[in-house]
Amino acid sequence: MARQKKKPEKVKSASSVVTRSGTASELITPHATLDDLKVAARSCRACDLWKLGTQTVFGEGSAKARIMLIGEQPGDQEDRMGRPFVGPAGRLLDLALTAAGIDRSEVYVTNVVKHFKWSPAERGKRRIHKKPRYSEIRACRPWLDAELEIVKPRVLVCLGASSAQSLLGRDFRVTQRRGQFVDSTLAPYVMATVHPSSILRAQDEDSRHVQMEAFISDLKKVAELLRSPSPKDKRAA
Ligand code: URA
């Protein structure tokens, strides 16, 4: 008699779902919409970061967006508001998008990890951002794959090294390859650039200006691409 494949178990507790696989994959139902995913992700317990964060911060934007921007993880304000890139880095991102001629409505914005990882500051009440571990990125990855599957962006932009390395390989160096379109199966066009928060950390006004201009110039390449259909674009025509 053929052995039946055992279904992955879900352990339900009050309003949460802990997965046996250690990733979010069991929470993703076939044909889910972005809204369905967002609701399901609220109770994700695939890793322990839900204990630290106030809430899951799911991606935001249209399912028809042609550009997907992927950051590392929500920050302090994103965690409180439940929306990606709404804090200082998000405001800088908005300015850069506008300067590059990209309308935010054309963009789907998300993160590789959907909970805020932080530790308390030594003094005061500040919550200090902590880099997610590989296991946390892996646990969260099915959400991102599901977002990619629905949105199917024409251009995918990784913001910062964590995002780039988790999507393009651990050896990827944003410092060396920023602003270049690289080969990837994730989307017809894939680029990595700096994370907007790195610009906020610039040492002085002059270097902040230079870094911002370089960021805008990377985003302008994306805007340019959207204006000109190319044979490489599998979704064009
Ligand atoms: N930084 C990120 O990578 N993502 C956010 O949503 C906010 C800040």
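This is a predicted model: local features need pLDDT of at least 70, side-chain atom pairs count only at pLDDT 80 or more; totals for chains, interfaces and linings use all residues.
The secondary structure of the protein amounts to 8 helices and 9 strands. Of the 237 residues in the protein, 39% are buried. Among contacts with a separation of 6 or more, 69% are between residues 24 or more positions apart.

Five of the strands are arranged in an open sheet, in the order β4-β3-β7-β9-β8, and the pairing within this sheet is mixed. The edges are taken by β4 (107–111) and β8, each of which has a single partner strand, so that one side of each is left without a neighbour in the sheet. In general, strands of a sheet pair through backbone hydrogen bonds, in either a parallel or an antiparallel sense. Strand β7 pairs with β3 in the parallel sense over 4 bridges, and I70 has C158 of β7 as its bridge partner. On β9, β7 is joined by 5 bridges, and these two strands likewise run parallel; here V157 stands opposite M191, and L156 has V190 as its bridge partner.

Strand β7 is itself mostly covered, with 5 of its 5 residues buried. The side chains V155, V157 and L159 point one way from the strand, whereas L156 and C158 point the other way, and all of these residues are buried.

When neighbours within four places in sequence are left aside, F181 is in contact with Y189, V190 and M191. F181 and L156 are separated by 25 residues in sequence, and their C-alpha atoms are 9.5 Å apart in space.

Helix α5 (residues 161–168) is largely enclosed by the rest of the structure, because 7 of its 8 residues are buried. The buried residues are S162, S163, A164, Q165, S166, L167 and L168. These residues pack against strands β3 (67–71), β7 (155–159), β8 (181–182) and β9 (189–193), and also against helices α4 (134–151) and α6 (174–177). Helix α5 is followed by G169, which has a positive phi, near 115°.

Helix α8 (residues 205–227) has 23 residues, which at 1.5 Å a residue should span 33 Å; the end C-alpha atoms are 32 Å apart, in agreement with that expectation. Among the residues of α8, F215, L219, V222 and L225 are buried. The elements that cover the buried residues of this helix include β3, α3, β7, β9 and α7 (196–200).

The largest nonpolar core comprises 55 residues, and those with the most contacts inside this core are I67, C140 and V157. Helix α4 gives the most to the core, contributing 7 residues. Apart from its neighbours within four places in sequence, C140 is in contact with A24, A46, C47, V112, V113 and K114.

Most residues other than glycine have a negative phi. F85, by contrast, has a positive phi, near 50°, although F85 is a residue other than glycine. F85 is found in the loop between α2 (76–81) and α3 (88–100), and F85 is buried, with 27 other C-beta atoms within 10 Å.

The ligand is surrounded by 13 residues, of which G71, E72, G75, P84 and A89 are the closest. By class, the shell around the ligand consists of 4 nonpolar, 7 polar and 2 charged residues.

How values were computed
Residues are numbered from 1 along each chain as its sequence is written. A residue is near a molecule or strand if its C-beta atom, placed from the backbone, lies within 6 Å of it. Ala, Val, Leu, Ile, Met, Phe, Trp, Tyr, Cys and Pro count as nonpolar, Asp, Glu, Lys and Arg as charged, and the others, Gly among them, as polar. A residue is buried if 20 or more other C-beta atoms lie within 10 Å of its own, exposed if 12 or fewer, and partly exposed in between; C-beta atoms are placed from the backbone. Two residues are in contact if their C-beta atoms, placed from the backbone, lie within 7 Å. A nonpolar core is a set of buried Ala, Val, Leu, Ile, Met, Phe, Trp, Tyr and Cys residues joined through C-beta atoms within 7 Å. Two strands pair if DSSP finds at least two bridges between them. The expected span of a helix is 1.5 Å times one less than its number of residues.
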